[in-house]
Amino acid sequence: MMFVDKFRTKFSISDNGIGLKKSLEAKITFPFYYKKDDFKNSISHKKTDFSSYYVENLLDIFEALYYSSLKEREGILDLMLNVVINSNGYFRLHTENCQIIISNRFKYIAKLHEIRQQILNVHNINEISNMEQSDFKNSISQYKKLIMEVFENMFNTAIDYYTEETKFSSIRFF
């Protein structure tokens, strides 16, 4: 759903279909720059009092956004960044029992946008000029590290600042 008023855009995706997790699990092959569950396997998130079921669903959301951040074409992450940065809006993504709401108040959004633009640029240059494959892989690998750090920081910040007061928390569990 999308709501637009004179002040901002609100964009909401409720994952009622196959699901973010199953959608990624259904993929048989991935490009060289992504391995299945890359984000989940590399994040060093803090132990919390949350049920592991809640954290798993939040990780599914971050995994989907992380995968989208590395791709050669625009996807769900780019939609989120466009709504939040270019429309000064709110982006809500909901799956299973978890949702995250991203706005321009989210600490790492500008850095995430900057690195994503650099990744898209490398993909575009490679497509247009057929970069040397080693140069292409090195560039993507460098940006992958940088964007992974931003996603880890976003995830840990969302957990650290969680509150049941829904007016202030960027994540909600049901």
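Author: In this predicted model, the residues of α5 that meet α6 are K111, L112, I115, R116, Q118, I119, V122, H123 and N126. On the α6 side, the partners are Q133, F136, S139, I140, Y143, L146, I147, V150, F151 and M154. Sorted by class, this contact has twelve nonpolar, five polar and two charged residues.

An α-helix has 3.6 residues a turn, so residues three or four places apart point the same way.

Next comes the geometry. Two packed helices are described by the angle between their axes and the distance between the axes. The axes of α5 and α6 come within 10 Å, and they cross at roughly 165 degrees. Angles over 145 degrees count as roughly antiparallel, and α5 and α6 are therefore roughly antiparallel to each other. The crossing in which α5 passes α6 is left-handed.

E127 lies in helix α5, and E127 is exposed, with a relative accessible area of 63%. Between the C-alpha atoms of E127 and F106 there are 32 Å, while the two residues are 21 apart along the chain.

Now for the surroundings. In soluble globular proteins, nonpolar side chains tend to be buried together. Here, the largest nonpolar core has 45 residues, and F39, M80, L112, F151 and F155 are those with the most contacts inside it. Among the elements that give two or more residues to this core are α5 (109–129) and α6 (133–160), along with α1 (20–26), α3 (52–70) and α4 (76–86).

Leaving aside residues up to four places away in sequence, F39 touches L59, F62, E63, Y66, M148, F151, E152 and F155.

Another helix pair, α3 and α4, can be set beside the one you asked about. The axes of α3 and α4 come within 7 Å and cross at roughly 95 degrees. α3 and α4 are therefore roughly perpendicular to each other. A64, L65, S68 and S69 of α3 make this contact with I76, L77, D78 and M80 of α4. By class, the contact of α3 with α4 has five nonpolar, two polar and one charged residues.

In α4, the buried residues are L77, D78, M80, L81, V83 and V84. Just after α4, N88 has a positive phi of about 50 degrees.

Technical notes
Residues are numbered from 1 along each chain as its sequence is written. This is a predicted model: local features need pLDDT of at least 70, side-chain atom pairs count only at pLDDT 80 or more; totals for chains, interfaces and linings use all residues. Side-chain values use heavy atoms; hydrogens and water are left out. A nonpolar core is a set of buried Ala, Val, Leu, Ile, Met, Phe, Trp, Tyr and Cys residues joined through side-chain atoms within 4.5 Å. Buried means under 20% relative accessible area, exposed over 50%, partly exposed in between (1.4 Å probe, protein chains only). Helices (H or I, at least four residues) and strands (E, at least two) are DSSP runs, numbered from the N terminus. Contact means heavy atoms within 4.5 Å. Axes are lines fitted to C-alpha atoms, for helices over the stretch in contact, and angles run from 0 to 180 degrees between N-to-C directions. Angles under 35 degrees count as roughly parallel, over 145 as roughly antiparallel, 65 to 115 as roughly perpendicular and the rest as oblique. A crossing is left-handed if the near helix is turned anticlockwise from the far one by less than a right angle, and right-handed if clockwise. Ala, Val, Leu, Ile, Met, Phe, Trp, Tyr, Cys and Pro count as nonpolar, Asp, Glu, Lys and Arg as charged, and the others, Gly among them, as polar.
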